[in-house]
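Open the structure in your viewer and keep the selection tool at hand. The stops below say what to select next and what is there.

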Amino acid sequence: VADIKGGPDQGLDRLGQTLVVKGWVRTLRLQSTVTFIEVNDGSCLSNMQCVLDPDTEGYGQVESGSVATGASIWVQGIVVSSQGSKQKVELKVKKILVIGKSDPSFPIQKKRVSREFLRTKAHLRPRTNTFGAVARVRNALAYATHKFFQENGFVWVSSPIITASDCEGAGEQFCVTTLMPSSRDDVDSPVDGIPKTKDGLIDWSQDFFGKPAFLTVSGQLNAETYATALSDVYTFGPTFRAENSNTSRHLAEFWMIEPELAFADLNDDMACATAYLQYVVRYVLENCKEDMEFFNTWIEKGIIDRLSNVAAKEFVQLTYTDAIELLQRAKKKFEFSVEWGCDLQSEHERYITEEAFSGCPEIKAFYMRQNDDGKTVAAMDLLVPRVGELIGGSQREERLEYLEDRLDQLKLNKDSYWWYLDLRRYGSVPHAGFGLGFERLVQFATGLENIRDAIPFPRTPGSAEF
Ligand code: 4AD
Ligand code: MG
């Protein structure tokens, strides 16, 4: 269907051709002599309008009520020009087969339903216009991400999901426990999914085969080991944060893209982040036109113009000190007060991106390179309107003594970073990188207000169904 609807003359070049469409019924309109079925096969936003009459082979299925919203069907017909105003062509159906009927309880009927409601139907929401479009744009952003880095000579590295280190040092990690076969023997059927021993107690005694292990919060440290061997690399995979924050920008499981550049400083890092973001934004504008028009109309008015600006304009660069001064000079009353050294809150980010520049930094992690002033580090955040912090990055501390001092200051256990410290012992180089939260990018590109709608199966506090 995308092939036809996406074409320059929207299928007029296919007039007279025989076509098979397999998809799901969106709507059914029964009239006395003709029946219209809108079918969507997920390849694009547009439905194919199918026209049937009593001569259509298999029409009995329509009459018997087997064709209803949600049903899967196979239709074969001829492409003819359409009288309707919504489409240039439609399918005059010769034969219809119902593959899977749909129960009348199908919860997503034609009337518009809220995205909040659809979160409780995560298994069916991809059948809506919005979530179909989000899935395609998310896919395009992932493809463009690989395309950008591959075209620029980066090597994709898989970072582990299970790890013993805490990259951000914030202790926001989920623990890994093991259900050993031996302990599973005396597990009563874990109906509710929680393993119990015979006496009914939950068995939390097993960790990762006798060693502590966590779900990774970031693949950065692993990326650094490959950057100090292959030069420019990137990771792209799931990461996990056990922060109990119920906001529209936080997930417990999110995907992160983390490039790491060897022989590079903070300026190279910022240049890479800018070029990357502009590339992927341009990519979706050019390749997801129909879906972007949909977002522009239904989700965020003007998003196409705003993204076109991002793709074309230079980004404003602001030092931490300037950002603090800007916030202090602001006439606005903030809930959290602003002093040099404080971590910027979302309200501050919002002011900077939406009011000060309709167009920074935080408490810094141990791995960030100390500046000559001895009190700031070579780090950057990329803030965008509506989403706030999209990217966090830095030049890494490549000097062994500084790094050891910093670990001590933060009371982190040096022993567990022995391999990371080794990178500074053997051929250390200046290097830098950043992390971009993929769902925030999806939010930014689609205009979705809530990050729970930017990932197929959101994981947030108390929600791991589906
Ligand atoms: O700023 P963060 O914590 O930086 C790091 O993890 C670095 N190790 C990255 C690096 O330099 N390689 O996270 C990076 C980005 C944020 O800017 C944000 O976009 C996203 O990850 N992010 C989240 N996205 C969704 N839900 C959460 N709970 C997120 N926490 C961070
Ligand atoms: Mg950050």
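## Stop 1: helix H10

Select residues 320–329, helix H10, where the buried residues are Ala323, Ile324 and Leu327. These three cover an arc of only 100 degrees around the axis, so they sit on the same side of H10. Now colour Thr321, Asp322, Gln328 and Arg329. These are exposed, on the other side of H10. Bear in mind throughout that this is a predicted model.

## Stop 2: where H10 meets H11

Two packed helices are described by the angle between their axes and the distance between the axes. For H10 and H11, the angle is about 80 degrees and the axes are 11 Å apart. Angles of 65 to 115 degrees count as roughly perpendicular, so H10 is roughly perpendicular to H11.

Show the side chains at the contact. H10 brings Ala323, Leu326 and Leu327. H11 brings His348, Tyr351, Ile352 and Ala356. By type, the contact of H10 with H11 has 6 nonpolar residues, 1 polar and no charged.

Stay on H11 for a moment. Its buried residues are His348, Glu349, Tyr351, Ile352 and Thr353. H10 is one of the elements that the buried residues of H11 pack against; the others are strand S13 (379–384) and S14.

## Stop 3: around ligand 1

Select ligand 1 and the 24 residues around it.

Next, colour the shell by element. Four elements each supply at least two residues: strand S12 (253–262), strand S14 (388–395), strand S15 (431–437) and helix H14 (438–446). The largest share, 6 residues, comes from S14. S14 has already come up, as an element that the buried residues of H11 pack against.

Switch to colouring by residue type. The shell around ligand 1 holds 8 nonpolar, 9 polar and 7 charged residues.

## Stop 4: helix H9

Select residues 303–312 for helix H9. Are Ile303, Arg306, Leu307 and Val310 buried or exposed? They are buried. Their arc around the axis is only 95 degrees, which puts them on the same side of H9. Turn to the other side of H9 for Asp305, Asn309 and Ala312, which are exposed.

What covers the buried residues of H9? The cover includes H7, H8 and H14. H14 also supplies residues to the shell around ligand 1.

## Stop 5: Cys288

Move to Cys288, in the loop between helix H7 (266–287) and helix H8 (289–298). Is Cys288 buried or exposed? A residue counts as buried when 20 or more other C-beta atoms lie within 10 Å of its own. Cys288 has 23 such neighbours, so it counts as buried.

Now show what touches it. Leaving aside neighbours within four places in sequence, Cys288 is in contact with Arg136, Val137 and Ala140. Cys288 and Arg138 are 150 residues apart in sequence, but 10 Å apart in space, C-alpha to C-alpha.

## Stop 6: Ser428

Select Ser428, in the loop between helix H13 (418–425) and S15. Ser428 has 16 C-beta neighbours inside 10 Å, so it counts as partly exposed. Not counting residues up to four places away in sequence, Ser428 touches Glu398 and Leu423.

Ser428 and Phe444 are 16 residues apart in sequence and 36 Å apart in space, C-alpha to C-alpha.

## Stop 7: positive phi values

Pick Ser231, in the loop between helix H6 (220–230) and strand S11 (233–240). Its phi is near 75 degrees, a positive value in a residue other than glycine. Ser231 is partly exposed, with 17 other C-beta atoms within 10 Å.

Then jump to Phe466, in the segment after H14. Phi of Phe466 is near 65 degrees, again a positive value in a residue other than glycine. Phe466 has 12 C-beta neighbours inside 10 Å, so it counts as exposed.

## Last stop: the whole chain

Clear the selection and zoom out. The chain has 14 helices and 15 strands. Its C-alpha trace spans about 85 × 65 × 45 Å along the principal axes. Of the 466 residues in the chain, 36% are buried.

Technical notes:
Residues are numbered from 1 along each chain as its sequence is written. Chains are lettered from A and ligands numbered from 1 in the order in which they are written. This is a predicted model: local features need pLDDT of at least 70, side-chain atom pairs count only at pLDDT 80 or more; totals for chains, interfaces and linings use all residues. A residue is near a molecule or strand if its C-beta atom, placed from the backbone, lies within 6 Å of it. Ala, Val, Leu, Ile, Met, Phe, Trp, Tyr, Cys and Pro count as nonpolar, Asp, Glu, Lys and Arg as charged, and the others, Gly among them, as polar. The arc is that of the directions from the helix axis to the C-beta atoms. Axes are lines fitted to C-alpha atoms, for helices over the stretch in contact, and angles run from 0 to 180 degrees between N-to-C directions. Angles under 35 degrees count as roughly parallel, over 145 as roughly antiparallel, 65 to 115 as roughly perpendicular and the rest as oblique. Two residues are in contact if their C-beta atoms, placed from the backbone, lie within 7 Å.
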